[in-house]
Protein chains: 2
Amino acid sequence: MNARLSILVIEDDKAICSFITAALNGNGYRTVAAFTGREGLSLAASLCPDVVLLDLGLPDVDGHEVLQKLRCWSRIPIIVISARTEEQEKVRTLDMGADDYITKPFGTAELMARIRTSLRHSSGNFPETVYKTLNLEIHFDKRTVRLNGELVHLTQIEYQLLTLLAKNSGRVLTYNFIMKNIWGPYTDNNNQILRVNMANIRRKIEQNPAQPQYVFTEVGIGYRMRENDDFTPP
Amino acid sequence: MNARLSILVIEDDKAICSFITAALNGNGYRTVAAFTGREGLSLAASLCPDVVLLDLGLPDVDGHEVLQKLRCWSRIPIIVISARTEEQEKVRTLDMGADDYITKPFGTAELMARIRTSLRHSSGNFPETVYKTLNLEIHFDKRTVRLNGELVHLTQIEYQLLTLLAKNSGRVLTYNFIMKNIWGPYTDNNNQILRVNMANIRRKIEQNPAQPQYVFTEVGIGYRMRENDDFTPP
DNA sequence: GGTATTCTTAACACTATCTTTACATTTCAT
DNA sequence: ATGAAATGTAAAGATAGTGTTAAGAATACC
């Protein structure tokens, strides 16, 4: 059911590269190889892999530069592989945003374990307890929704859907993500049920459902909820 | 303003323990020490520290058991410290939910770097992944584009196109590369559709589409997006 | 067991988006 | 300068995606 996870290997030494990709394939991952930093950056952008393995000793661009460029726009887990064992080098690399630093030589089993650990990290987390904007308030701990101070009654699914969006407010959630989250991983790709629920929610909280203020449609992608007011960036 | 982060050190060797806590204190962390597994578990539960450092060689309970028990109820980052270097041991420990595995002897600088990395993972306060230049901001993880702070609505293809360029900012992407990336490998070599989309994007984000500030045309080659000037290391 | 609520499915109207066409404008070599 | 090639723009038809309604099925509640 779940699509296989894909891993981008950025490594100039073809022998090592094919060794690594073979090991990854053997463990059920899809792999894509890049032999230069430039190539790696483009592929990362177009493929959006689940993990990046980055060898620091590249011919064209400095590996650290690749790391830096990637971190400008992505939080994909990046596991750096390097021959250098000096502590300063490790510190520098980790502080530039690498998720792990493995020194050569290393065993494939350890590599696989560290990949699994990275994947664990990249799956999300959100702590907020109140969502509040315009005239809408959601208290997650009380499980209440208020519009202009008045309690709004939502059904189970409607509430789940609204809070999923609220906890990720400002961010577009894909139809698929929402479906999987609420109807479980084995639902088909039919959004009809989602559309109906959204229409019902809008009827309850929007003044004019045709011009929503709270939940917006991103055609072809999914829904996005208006950003939470008491959002305090770091 | 920010409360200092607290770290629980579970380590039976008092010499090593005081060495580590001293280093942590020197780096601004609050530390609590536990000399047995049992103690460590109860302290973790009562304190809810931000990170746990766990030595596997404990006298009373097996270190792996501590790890397992902790993971039953908590997702606190756990960094395991161990004298054992065998790969199987590392794999087992990581797969039981440890966030990192450091072998003795290790330097304090590396330990600190790995703690920072773990903290980044847990608190979700990853530096936001954005493209930013002049008055334009693209938030990749939210899938939003802002011009002068205002949300700009882009269609699916427009967004794909803009982010492909942004993720490769400063570099020329050929028409062919872009076409293949967005319309798939089997499209013909007709750029018309690409030109239309670029015109639409420019109408939405450029002040004067005839003299673009963000996406430049490289005649005969492709498009290039103004370089991201946002990079701020952690 | 009957009633009310909620969930799901299907049909259809409506809207946004995509693609194509036609033509204007710019660029560059001669 | 001039013309051919490349690029930009506008508009309209085709397509796909979304919202809405309503009716039957499933579930919970007396």
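This briefing describes a predicted model of protein chains A and B with DNA strands C and D. Because the model is predicted, local features are given only where pLDDT is at least 70 and side-chain atom pairs count only at pLDDT 80 or more, while totals for chains, interfaces and linings use all residues. Residues are numbered from 1 along each chain as its sequence is written, and chains are lettered from A and ligands numbered from 1 in the order in which they are written. Helices (H or I, at least four residues) and strands (E, at least two) are DSSP runs, numbered from the N terminus.

**Domains of chain A**
- Chain A is divided into domain 1 (6–122) and domain 2 (130–225), with bounds that come from an automatic or database domain assignment.
- The C-alpha centres of domain 1 and domain 2 of chain A lie 37 Å apart.

- Helix α1 of chain A (residues 14–26) has 13 residues and should span 18 Å at 1.5 Å a residue, which agrees with the 18 Å between its end C-alpha atoms; the expected span is 1.5 Å times one less than the number of residues.
- After α1(A) comes G28(A), with a positive phi near 90°, and after α2(A) comes C48(A), whose phi is likewise positive, near 50°.
- In helix α2 of chain A (residues 37–47), the buried residues (20 or more other C-beta atoms within 10 Å of their own; exposed means 12 or fewer, and partly exposed lies in between, with C-beta atoms placed from the backbone) are G37(A), G40(A), L41(A), A44(A) and A45(A).
- These residues lie on the same side of α2(A), because they cover an arc of only 130° around the axis, taken from the directions from the helix axis to the C-beta atoms.
- The cover over the buried residues of α2(A) includes β1 (6–10), β2 (30–34), β3 (51–55) and α3 (63–73) of chain A, together with α6 of chain B.

**Contacts between the chains**
- In chain B, 37 residues are in contact (C-beta atoms, placed from the backbone, within 7 Å) with 34 residues of chain A.
- On the side of chain B that touches chain A, α4 (87–95), α5 (108–122) and α6 each supply at least two residues, and α5(B) gives the largest share, 7 residues.

**Surfaces near the DNA**
- Around DNA strand C there are 18 residues, of which T155(A), Q156(A), V219(A), T155(B) and Q156(B) come nearest; a residue is near a strand if its C-beta atom, placed from the backbone, lies within 6 Å of it.
- Helices α6 (156–167) and α8 (192–205) of chain A and the helices α6 (156–167) and α8 (192–205) of chain B each supply at least two residues of the surface near DNA strand C.
- DNA strand D is surrounded by 21 residues, the closest being A199(A), P209(A), A199(B), P209(B) and T217(B), and the elements that give two or more residues to this surface are α8 of chain A and α8 of chain B.

**Individual residues**
- T163(A), in helix α6 of chain A, counts as partly exposed because it has 17 C-beta neighbours inside 10 Å, and, leaving aside neighbours within four places in sequence, T163(A) is in contact with I138(A) and F140(A).
- A cis peptide bond with omega about -5° joins K104(A) and P105(A), and the bond from K104(B) to P105(B) is also cis, with omega near -5°.
- L134(A), which is not a glycine, has a positive phi of about 50° and lies in the loop between β6 (130–133) and β7 (136–139) of chain A.

How values were computed. Contact = placed C-beta atoms within 7 Å.
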